[in-house]
Amino acid sequence: MKHAHRIASAGMAALLLFAGFGTAAKAGAADARSADNDTLEQSLSQEVAAAKPGDEIVVPNGIYRDFQVTLEGHGAEGEPIVIRAESPGGVQFTGKSAITLRGDHLEFRDFYFNQAHPDRSHYVLGLSGLADSRVSGNFFDHSGPWNPNDGVIRIQDKSRNNRIDHNTLWASVSMGIAVRVNSDNNLENVHNAIDHNVFKDVPPVKQLYPDSNGNGLESVQIGQGFGYEETPVYTTVEANVFENVTGDASEIISNKTAYNIIRYNTFKDCHSGVTLRFGGHVVVDRNFFLNMDYGLRVTDVDQQVTNNYMYNVGEGIRIYAGRKDSNAAEGRQISYRPVKNALISGNTILYSAANGIDVGDSYNSNPPSNLTYYPPEDVTIQGNVIVTDRGEAINETVGSNIQYRDNHILVTGDARVGEVPDSGWNKSHTIMMYDSNSLMYLQAGAKTPEIRPMTIAEAGPDNKYWLGIIEAAGQGQSPAVDPASIDAKTVRPVTNKDQGQTGQGFAELMMLPHALVGRDFVSLEVRAASGSLPVWDRLTVTLPEKKGAEEWSAQIGSVNGEWQQIVLPLAALHQSAYARGNGMLDADDIRSLKLSTLSGAEIQWRKVTAGQFLLQSVSLSKPFIRLAVGGQYDLSRLAATAEYANGYTGSIPASDIQWSTADDGLLQIRNGILTAAGQPGTSAITATYRGIPVQIPVQIVVVTIVGVTASAEPQPENSAANTIDGDLSTRWSAEGDQWIQYELRDLLTIRTVQIAWYSGDKRSTTFEIEVSQDGNTWQQVYAGQSSGTTSDFEAYSFPATPAKYVRIVAHGNSSSDWDSISEVAIPQA
């Protein structure tokens with residue numbers, strides 16, 4: 001039989017006391033810990049201990065400060081003891097609050113932890129010796145101990161078969177959910193599930209802890225590694241949403257134990273990635289990585305990475321080289337366990353900023369004496385779809401028995417297929433069509449998959465009060481646009497219909513032809529057809545391109561019964577879209593505007609227009625261009641950005657820029673291609689957009705460098721070739737005493753080497769310059785340090801010397817052991 005208990009220590013007087021406490025606290029009386037807390041902590045603990053299977057214990061609404069209690073109870077299968085708030089979010093724990101759950105078959109739900117920062121506990125909510133229980137529907141708002149390596153929720157002390165689901169962890173100041181695995185009764189924290197939670201807005205570690213080493217703030221950590229990495233834990237992390245997470249900038253989920261499953265999760269707009277840091281036999285399946293700095297790092301044995309979808313990810317799947325540091329403490333020398341017997345299959349990687357798949361990432365062929373590297377072994381890479389316009393589809397730095405089978409690769413622009421044998425790839429099945437039902441690019445003819453990217457509306461507590469709290473803090477809604485920033489003379493209607501109403505929360509407005517061409521924003525007025533939208537609801541404005549292309553969308557905050565104008569910069573739609581294709585909204589392809597609400601509530605709309613903002617400045621991605629005599633440069637490779645009066649920035653289509661050259665006969669521009677038609681020298685080109693010109697210097701040179709190699713390239717994205725690409729934003733990097741070597745076109749007399757050091761305005765590098773006529777016998781011609789005052793070129797001179805090869809030998813910089821060079825030029829004397 002199920003019994004409901006409203007918490008009271010004894011009799012009606014106590015019941016009234018606690019109800020009064022809740023009311024008074026809401027009015028602001030909870031700035032200091034109340035004496036009633038002691039009574040409530042004791043009575044709640046006693047109620048849980050005395051509860052029978054199936055009982056429900058209700059905590060009265062109120063604000064409870066510094067609430068610290070251990071709750072131990074024993075329900076039964078199918079009859080849990082439920083501990084819940086009187087209403088979802090109505091019970092707030094704040095201050096130094098920390099709660100520990102023990103026992104079995106408990107259900108703890110619907111509580112609001114508001115800036116809870118315990119100082120005597122490693123967690124806000126601890127599962128300690130808890131089994132067969134559920135933690136659900138709770139909202140953790142800016143909570144956690146003030147330590148990046150502690151946790152908001154910690155699983156410890158032989159906790160097993162628990163489910164942590166439908167919680168929201170917003171802007172956590174410590175680790176999110178941590179599964180402890182060490183010798184302190186923590187080797188049996190097994191078979192726990194973490195699902196349908198939201199992890200949102202986690203800042204960089206250094207932002208919260210400027211004096212730390214930058215580690216910590218992982219959203220989910222499964223084990224701590226070093227001695228316990230092969231412990232089988234059987235944790236499942238599935239169907240969670242991770243949005244705008246940075247933390248330590250490398251580990252949103254940090255796996256450091258064995259036999260875990262990571263699947264169906266959505267990672268969106270995060271400056272980080274997922275790491276299999278330690279522990280083998282892990283399955284990573286059908287996750288979605290959208291607009292991320294990193295995708296997935298893989299180490300250790302028997303890993304399965306299958307059917308994941310990555311779109312616009314800085315680096316896709318990185319299969320690490322193993323590394324041992326003999327200088328490290330005993331038991332901590334293996335910092336990366338070698339990859340063996342891994343399966344990388346069925347993944348879709350679209351438009352990664354670096355390489356799609358890296359094999360042997362971080363390998364150093366010439367390491368310091370204390371480091372030993374181990375190449376990946378027995379890796380099967382099969383059935384993956386990779387479409388990219390940058391880097392290499394698959395880069396193999398080093399590996400043993402790497403098998404490539406039936407991968408589908410399409411490269412455009414400057415991208416390359418990479419070190420894949422012809423038998424291991426083909427171009428079939430690389431026509432990708434955008435599917436608005438799943439918000440994904442799918443192979444032509446493919447059906448909408450059952451598993452698709454999730455939104456925060458599909459996870460977290462079912463009662464969406466927490467979305468209202470996030471919105472009230474200014475998150476999740478479009479920022480206001482100052483009307484003074486709009487160029488009124490450019491505003492015009494974009495539809496033939498002036499007003500209307502959604503049906504079942506959805507409407508599609510057909511747009512006039514070319515309505516958004518040359519426009520910076522779309523604007524409309526909206527109001528709720530009846531009353532107001534629920535505080536957690538969202539109005540979504542979507543601009544779909546023609547069939548099979550992009551879909552651009554932005555979410556608006558709550559809408560009430562009054563008309564309100566919404567101005568959406570197209571640049572904001574670029575940033576919020578799931579799919580960005582070439583990174584540019586093709587305005588001429590927009591055919592309609594869609595309005596929809598999550599709740600299905602009806603919306604009225606009117607006055608749909610578009611126009612331009614007042615333009616303030618234009619910038620280009622390269623500060624200069626270096627071009628060989630007779631060489632060519634495609635100007636569409638220059639990314640152009642406009643900054644408007646409201647502070648928004650937006651990409652400028654190459655077709656909208658007018659190019660011109662200096663009147664010196666050295667350069668020509670035809671059909672967007674720049675050609676150095678004259679002699680060596682210095683000239684300039686001008687890009688003009690809406691009447692604002694930007695000039696770029698062009699250095700026309702006789703090419704002297706025809707090849708480059710390096711002693712080590714541990715980071716494929718920072719290769720030696722970057723030092724002769726004419727781009728100061730790229731670099732070569734390697735750790736320790738390393739060299740980079742240039743082959744000249746002939747035996748030339750030289751007296752200067754020009755070097756642009758990466759971050760050269762913040763640190764100095766110790767180095768030598770050596771020359772050789774045959775590549776075997778070397779002569780040192782320069783030794784010294786960079787100035788530490790500029791990241792532009794510095795010239796290092798020496799007596800005129802004949803050389804066919806030039807080598808720069810570097811020994812680390814004033815901040816670290818790393819050597820990093822952005823660009824090198826070697827003029828002929």
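Asp300 is buried, with a relative accessible area of 0%. Buried here denotes under 20% relative accessible area, exposed over 50%, and partly exposed anything in between, for a 1.4 Å probe and protein chains only. The model is predicted: local features need pLDDT of at least 70, side-chain atom pairs count only at pLDDT 80 or more, and totals for chains, interfaces and linings use all residues. Residues are numbered from 1 along each chain as its sequence is written, and side-chain values use heavy atoms, with hydrogens and water left out.

Asp300 sits in the loop between β28 (296–298) and β29 (304–306). Strands (E, at least two residues) and helices (H or I, at least four) are DSSP runs, numbered from the N terminus. The phi of Asp300 is near 75°, a positive value in a residue other than glycine. Most residues other than glycine have a negative phi. Asn671 also has a positive phi, near 55°. Its loop joins β62 (667–670) and β63 (673–676). Asn671 counts as exposed, at 83% relative accessibility.

A cavity is a set of points, on a 1 Å grid over the protein atoms alone, where a 1.4 Å probe fits but cannot get out; lining residues have an atom within 4 Å of a point. Grid points are joined across faces, edges and corners, and a volume is the space filled by probe spheres set on the points. The count comes to 3 cavities of 30 Å³ or more.

The largest nonpolar core has 84 residues, of which Ile99, Ile357 and Ile381 touch the most other members. Strand β10 (residues 123–131) gives the most to this core, with 4 residues. Such a core is a set of buried Ala, Val, Leu, Ile, Met, Phe, Trp, Tyr and Cys residues joined through side-chain atoms within 4.5 Å. Beyond four places in sequence, Ile357 touches Ile317, Ile319, Ile344, Ile349, Ile381, Asn384, Ile386, Ala393, Ile394 and Asn395. Contact requires heavy atoms within 4.5 Å.

Ile177 belongs to strand β16 (residues 175–179). Ile177 is buried, at 0% relative accessibility. Leaving aside neighbours within four places in sequence, its contacts are Ile153, Ile155, Ile164, Leu169, Ile194, Phe199, Ser219, Val220 and Gln221. Ile177 and Val220 are 43 residues apart in sequence, yet their C-alpha atoms are 4.9 Å apart.

Aromatic pairs number 30 in the whole structure. Rings of Phe, Tyr and Trp (its six-membered ring) pair if their centres lie within 6.5 Å; planes under 30 degrees apart count as stacked, over 60 as edge-to-face and the rest as tilted. The rings of Tyr112 and Phe139 are stacked, because their centres are 5.1 Å apart and their planes at 10°. Tyr112 lies in strand β9 (residues 112–116) and Phe139 in strand β12 (residues 139–141), so the pair ties together parts 27 residues apart in sequence. Tyr112 is buried at 6% relative accessibility. Phe139 is buried at 0%. Phe613 and Tyr644 form a tilted pair, 5.7 Å centre to centre with 55° between the planes. Phe613 lies in strand β55 (residues 603–613) and Tyr644 in strand β59 (residues 640–644), so this pair ties together parts 31 residues apart in sequence. Phe613 is buried, with a relative accessible area of 2%. Tyr644 is buried, with 6%. One aromatic cluster consists of Tyr64, Phe67, Phe93, Phe108, Phe111, Phe113 and Phe140.

Tyr644 also meets Gln616, a residue of strand β56 (residues 615–620). Beyond four places in sequence, Gln616 contacts Glu643, Tyr644, Ala645 and Ile692. The C-alpha atoms of Gln616 and Ala642, 26 residues apart along the chain, are separated by 7.7 Å.

Helix α4 (residues 465–472) is mostly covered, with 6 of its 8 residues buried. These are Tyr465, Trp466, Leu467, Gly468, Ile470 and Glu471. Their cover includes β9, β12, β15 (168–170) and β18 (198–204).

Definitions and conventions:
On a 1 Å grid over the protein atoms alone, a cavity is a set of points where a 1.4 Å probe fits but cannot get out, and a pocket is an open set with protein on both sides within 12 Å along at least five of seven lines; lining residues have an atom within 4 Å of a point.
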